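Me: I'm new to reading protein structures. Could you walk me through one, feature by feature?

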Amino acid sequence: MADDTATPQDAIALLKADHRAVEGLFGEFEGLSDPTDKMGVADRICLALRVHTQIEEEIFYPALRGHIEEKEIDEAVVEHRSAKALISEIEAAGGADAMFDARVQVLKEQIESHVKEEETELFPAAKRAGLDLKDLGAKLAERKATLLRDYRSDLSDLRAAAEHPSFRPESAGGMQPGETGGEAARTASADGSKTSGLQPDQDTPGGAGAGPKESDQVKGRSAAPG
Ligand SMILES: [Fe+2]
Ligand SMILES: [Fe+2]
């Protein structure tokens, strides 16, 4: 995923660049055999997709409403939900086993189909509608930068805390004896990502300011999971 938001892009160019970046990550995943490397790339896929689906749902899809059949956008949102359920499973996986690979493969297939529909139906509709794609692109880029910063900060905080030998949350549910830091971190990050990601029943477009609130939720969960 292109992180650089300094160059202004119109909305469609930005979203297409995201699509190509995620496709590249799926390709990278397929070439790997080391479980740790696979989990690292899968994490990047999940992060990229969480941010991408969120900016589409918050900014791009609402802008399209009224310019395309409602069912097209509703279907796209349902496809996002399906993808996010798989993303949560991938994030929660304790290791890159056969089911892990299967989940990543199915996610890839779902995303390929979804991206095709966006690029052949939704994006052309946005162009036909005469939307201000430069302005939309700036809004998408700004929100994307905020979300990436917040998600990464949440993940690094959780992992640093879980890997610290003296990490002993006062409340119940912290790292258990015999549990490795990596596993604890992964569990925490998966839980946190689920919390900070758009929830299945959260289809109302969010607004500015959601980031810090989500961040607090994740940190709260890390101290008192469950
Ligand atoms: Fe999408
Ligand atoms: Fe998309």
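Me: How are the donor residues of the iron ion (ligand 2) spaced in sequence?

Reply: Read the pattern as letters for the donors, with x and a number for the residues skipped. In this predicted model, the spacing for ligand 2 is H-x32-H-x3-E-x61-E.

Me: Which residues are the protein donors of that iron ion, ligand 2?

Reply: They are His19 and His52, each through NE2, plus Glu56 and Glu118, each through OE. These donors lie 2.0 to 2.1 Å from the iron ion.

Me: Where do His52 and Glu56 lie, and are they buried or exposed?

Reply: Both sit in helix 2, which covers residues 35-64. They are four residues apart, or about one turn of the helix.

Me: What do the angles say about the site of ligand 2?

Reply: Start with the ideal: four tetrahedral donors would have angles of 109.5 degrees. Here the four donor atoms give angles of 83 to 177°, and the site is irregular. To count as tetrahedral, all angles would have to lie between 85 and 135 degrees.

Me: How far apart are ligand 2 and the iron ion called ligand 1, and which residue coordinates both?

Reply: The two iron ions are 3.3 Å apart, and Glu56 is the residue that coordinates both.

Me: What is Leu64 in contact with, leaving aside its neighbours within four places in sequence?

Reply: Leu64 touches Ile73, Leu122, Ala125, Ala126 and Leu131.

Me: How many aromatic pairs does a search of the whole structure find?

Reply: Three. In one of them, Phe29 and Phe100 are tilted, 6.2 Å centre to centre with 40° between the planes. That pair links distant parts of the chain, with Phe29 in helix 1 and Phe100 in helix 4, 71 residues apart. Both of these Phe residues are buried. Phe60 and Tyr61 form a tilted pair as well, at 6.3 Å and 55°.

Me: Why does Phe60 count as buried?

Reply: Buried means under 20% relative accessible area. Phe60 counts as buried because its relative accessibility is 0%. Tyr61, at 2%, counts as buried too. Together with Phe123, Phe60 and Tyr61 form one aromatic cluster.

Notes: Residues are numbered from 1 along each chain as its sequence is written. Chains are lettered from A and ligands numbered from 1 in the order in which they are written. This is a predicted model: local features need pLDDT of at least 70, side-chain atom pairs count only at pLDDT 80 or more; totals for chains, interfaces and linings use all residues. Side-chain values use heavy atoms; hydrogens and water are left out. Donors are N, O and S atoms within 2.8 Å of the metal (3.2 Å for Na, K and Ca); water is not among the atoms, so sites may look incomplete. Four donors count as tetrahedral if all angles lie between 85 and 135 degrees; four count as square planar and six as octahedral if opposite donors are over 155 degrees apart and all others between 65 and 115; anything else is irregular. Helices (H or I, at least four residues) and strands (E, at least two) are DSSP runs, numbered from the N terminus. Contact means heavy atoms within 4.5 Å. Rings of Phe, Tyr and Trp (its six-membered ring) pair if their centres lie within 6.5 Å; planes under 30 degrees apart count as stacked, over 60 as edge-to-face and the rest as tilted. Buried means under 20% relative accessible area, exposed over 50%, partly exposed in between (1.4 Å probe, protein chains only).
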